[in-house]
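Let's take a friendly walk through a protein model together. Keep the 3D view open and look up each residue as you read.

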Amino acid sequence: MQITFWGTRGSLPTPLNGRAVRAKLIKALMKGAAKSLDTAEKAAQFCERELSFAESSTYGGNSACVQIDTGGPEYLLCDLGSGAREFSLAALAKHGPAKPQTYHVLVSHVHWDHIMGFPFFVPCFIRGNNICLYSCHARLEEAIRRQNHEPCFPVEFSALAANIEFIPLEPDKTYEIGGAKVTGTLQLHGNDSYGYRIEKDGKSVVYTTDSEHKPEDRDEMNRAAAFFRNADLVIFDAMYSLADSISVKEDWGHSSNVMGVELCQMAGAKTLCLFHHEPVYDDERIDAILAETIRFEEITRSGPRLKIVTAYDGLVIDV
Ligand SMILES: [Zn+2]
Ligand SMILES: [Zn+2]
């Protein structure tokens, strides 16, 4: 499977502003001052080799949308945050608007950051496209219809041209969706959310966002680890630091990088991907959290190494 991240930010889209761009430019110009970067090639190599990710790029600001390519002809996505618009523009550029496609979407829950891309999901406006929205969350259809409704949005749901279907799922049951096997699980989060385990050809990806884990609740920790068991990739809600997640932000419905490492180690997962970044964190802070998480994994490792990565808009991972 190939996983493409179109939106990785939590709670609300967080565009990079001019001040942040300028700060990156100043750092890069200072680091490159003594070098003759007089061709595009030399400048690109300098960015690649001598600047950190935070200095040369950005983790991005779209809210949750992840594409799971199972190798089949139909699309499979997790969530329709603001990143879904960019995904849909890329899909249309690839196929052209005249060739209908089928889009399967697993929706974790109906908080705004996970569905706000739907009104701007271009395939909705094109006759012949099939859009199948799946969720264990009982209120998906109600929330999507309410979002495309006056006075908050000018295009009513009933005016959309595509065939749009809502397909309820039951947690802990396995379904065949978009060429993969999909199982949902209930997660601890305000108004409920659901994680999905997606399996294909012996490989597995767990998409688990908006999920709080309480370290003292060992039964729940064991249940989560069983859901992550031997996964090739766990896309994990690491919105807060551990300190915040067990103090001021306890019961806010999110988890931490440290909790992600612990659960993935318990589960024997291969790669942990930190996801749903806190909107107040800038690129340097996310770089620092990644470095801390890698160090934490090293000092707590008692079995095979758990690879740690952090999601950014545009990241592609093959499993
Ligand atoms: Zn969220
Ligand atoms: Zn949420």
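Here we look at the core, the cysteines, the salt bridges and a surface patch.

This is a predicted model, in which local features need pLDDT of at least 70, side-chain atom pairs count only at pLDDT 80 or more, and totals for chains, interfaces and linings use all residues. Residues are numbered from 1 along each chain as its sequence is written, chains are lettered from A and ligands numbered from 1 in the order in which they are written, and side-chain values use heavy atoms, leaving out hydrogens and water.

## The core

In soluble globular proteins, nonpolar side chains tend to be buried together. A nonpolar core is a set of buried Ala, Val, Leu, Ile, Met, Phe, Trp, Tyr and Cys residues joined through side-chain atoms within 4.5 Å. Here buried means under 20% relative accessible area, exposed means over 50%, and partly exposed lies in between (1.4 Å probe, protein chains only).

The largest nonpolar core has 29 residues, and those touching the most other members are Ile3, Phe5, Val66, Ile68, Leu106, Ile198 and Ile235. Strand β9 (residues 193–200) gives the largest share of this core, 3 residues. Helices (H or I, at least four residues) and strands (E, at least two) are DSSP runs, numbered from the N terminus.

Which residues does Ile3 contact, leaving aside its neighbours within four places in sequence? Its partners include Val66, Ile68, Leu233, Ile235 and Ile317. Contact means heavy atoms within 4.5 Å.

## The cysteines

How many disulfides does the structure hold? The count is 0, where a disulfide is a pair of cysteine sulfur atoms within 2.5 Å. For Cys65, the closest cysteine sulfur is that of Cys78, and at 8.5 Å it is too far for a bond. Likewise, the sulfur of Cys264 has its closest cysteine sulfur in Cys273, 10 Å away and too far for a bond. Cys65 is buried, at 0% relative accessible area, and Cys264 is buried at 1%.

## Salt bridges

A salt bridge is a side-chain nitrogen of Lys or Arg within 4 Å of a carboxyl oxygen of Asp or Glu. By this rule there are 16 salt bridges. Three of them are listed here.

| Lys | Partner | N to O distance |
|---|---|---|
| Lys27 | Glu284 | 2.3 Å |
| Lys214 | Glu250 | 3.4 Å |
| Lys270 | Asp232 | 3.7 Å |

Lys27 is partly exposed at 34% relative accessibility, and Glu284 is partly exposed at 39%.

In the pair of Lys270 and Asp232, Lys270 is partly exposed at 44%, whereas Asp232 is buried at 9%. Lys214 is buried at 17%, while its partner Glu250 is partly exposed at 33%. There is also a network of salt bridges linking Arg139, Glu142 and Arg146.

## A nonpolar patch on the surface

Some nonpolar side chains are found on the surface: Leu16, Val21, Leu25 and Leu29 form a patch with about 360 Å² of accessible area together. Patches are made of residues with over 30% relative accessible area and no salt bridge, with like charges joined within 9 Å and nonpolar side chains (Val, Leu, Ile, Met, Phe, Trp, Tyr) within 5 Å. Accessible areas come from the Shrake-Rupley method with a 1.4 Å probe, and for residues only the protein chains shown count as cover. Leu16 sits in the loop between β1 (2–7) and α1 and is partly exposed, at 38% relative accessible area.
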